[in-house]
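Dear colleague,

Here is the structure that I promised to hand over to you. Please have it open beside this message as you read.

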Amino acid sequence: MNPQRWARVVLLPVLLGVVGCAAAPGRTTTTVELPRPLDGTTYFTSAEGSALHDAHEKLVTRCMRDRGFAYQRVPLSPAARLRDINPYGLLSRKQAGTDGYRITSSLAEEAKARNRPAPQPASSPAWDAALLGTESHRVTIRLPEDHEIFYNSDGCTHQATAALYGDDWQRLYDTFQVLANRVVETVNQDAEFLGAQSAWSECMTRAGQPSRTFDEARGRIEAAFNQAAEDRADLMPVVRQELATATADAGCQDEVGIADIVRAAQGRAEAAILDASRQQQLGELRRLRADVLRRVTTSPGASSR
């Protein structure tokens with residue numbers, strides 16, 4: 001397992017490597033109990049993500065229909081629930097006791113979804129161009145740390161994103177996804193965080209769930225699921241293993257006070273990267289995010305500007 005898989009905020013692509021519906025309410029609309037980078041600005045709950053996905057798919061369908069093409073709405077992947085995993089590996093006792101890490105349940109649903117027939121009609125060059133756009137209309141956005149994304153501005157995918165979120169959404173959102181990743185990486189290297197993780201590891205050993213890092217505890221569950229799926233074995237032992245591991249994990253996190261240590265380290269990391277210009281951009285992203293979620297969660301029919 002990639003040791004960074006659970007420790008990073010994931011850039012979520014919409015088709016051509018472009019980030020689409022991924023947001024959370026602003027500070028005044030959502031309480032983020034466990035620390036997340038940038039006050040959770042680049043995070044959205046499963047319910048919010050589902051509402052945004054549905055609104056985006058409606059706009060894509062309408063755009064394709066207006067161009068004379070059939071388009072079947074794509075359901076949200078069950079794996080989207082994995083986005084709820086805290087980027088630092090933090091876990092609440094409530095989640096641990098009811099759904100563990102959400103690994104087994106999400107991967108099982110994803111496996112079922114892969115076995116369903118694809119709903120889309122057979123594509124053609126013209127259909128692809130209508131949906132994804134053409135290279136002659138390609139726009140490249142340069143991001144911090146030498147990252148970049150691109151989109152084709154004439155495609156229904158991008159036009160639906162712009163209509164739903166706003167013209168500047170992709171640049172702002174992806175910029176702060178990169179910066180959120182940097183914050184997480186800095187926290188993971190913080191001396192106080194590493195000391196707390198060592199204390200947590202000792203607690204996990206005493207609890208009968210020896211793990212050196214947060215990633216390792218989760219990695220064992222995913223490996224067990226994959227092995228059971230490959231062997232076509234009963235998944236219930238994996239479910240019980242996940243709940244037991246997660247329950248011990250959350251208890252040990254509380255014991256060492258890891259959430260407060262992460263919160264302090266995160267504050268230091270963010271102060272180092274958020275100058276006045278970045279603060280202004282972050283404020284604009286929060287405004288766009290709060291606006292789109294207000295529209296899709298309070299007025300189901302009002303999914304565009």
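What follows describes the disulfides, then the nonpolar cores, and then one alanine.

Please keep in mind that this is a predicted model, in which local features need pLDDT of at least 70 and side-chain atom pairs count only at pLDDT 80 or more, while totals for chains, interfaces and linings use all residues. Residues are numbered from 1 along each chain as its sequence is written, and side-chain values use heavy atoms, with hydrogens and water left out.

A disulfide is taken here as a pair of cysteine sulfur atoms within 2.5 Å, and by this rule there are two of them. One joins Cys63 and Cys156, whose sulfur atoms are 2.1 Å apart, and with -75 degrees about the S-S bond this link is left-handed. The pair connects distant parts of the chain, since Cys63 belongs to helix α1 (residues 46-66) and Cys156 to helix α5 (residues 156-165), 93 residues apart; helices are DSSP runs of H or I with at least four residues, numbered from the N terminus. Both Cys63 and Cys156 are buried, where buried means under 20% relative accessible area, with a 1.4 Å probe and protein chains only.

The other disulfide is formed by Cys203 and Cys252, with their sulfur atoms 2.1 Å apart, and it is left-handed because the torsion about its S-S bond is about -80 degrees. Cys203 lies in helix α7 (residues 191-206) and Cys252 in helix α9 (residues 236-256), so this pair ties together parts that are 49 residues apart in sequence. Cys203 is buried, at a relative accessible area of 6%, and Cys252 is buried as well, at 2%.

A nonpolar core is a set of buried Ala, Val, Leu, Ile, Met, Phe, Trp, Tyr and Cys residues joined through side-chain atoms within 4.5 Å. The largest one has 62 residues, and Met64 and Ile258 have the most contacts inside it; its largest share, nine residues, comes from helix α6 (residues 169-188). Apart from this core lies another, of five residues, among them Ile141, Ile149, Tyr151 and Val178. If neighbours within four places in sequence are left aside, Ile258 is in contact (heavy atoms within 4.5 Å) with Leu90, Phe193, Ala196, Phe214 and Gln253.

Finally, Ala96 is found in helix α2 (residues 93-99) and counts as buried because its relative accessibility is 1%. Not counting residues up to four places away in sequence, Ala96 touches Leu91, Leu243, Ala246, Thr247 and Ala250. Ala96 and Ala244 are 148 residues apart in sequence, yet 8.4 Å apart in space from C-alpha to C-alpha.

With best wishes

Technical notes: Buried means under 20% relative accessible area, exposed over 50%, partly exposed in between (1.4 Å probe, protein chains only). Helices (H or I, at least four residues) and strands (E, at least two) are DSSP runs, numbered from the N terminus.
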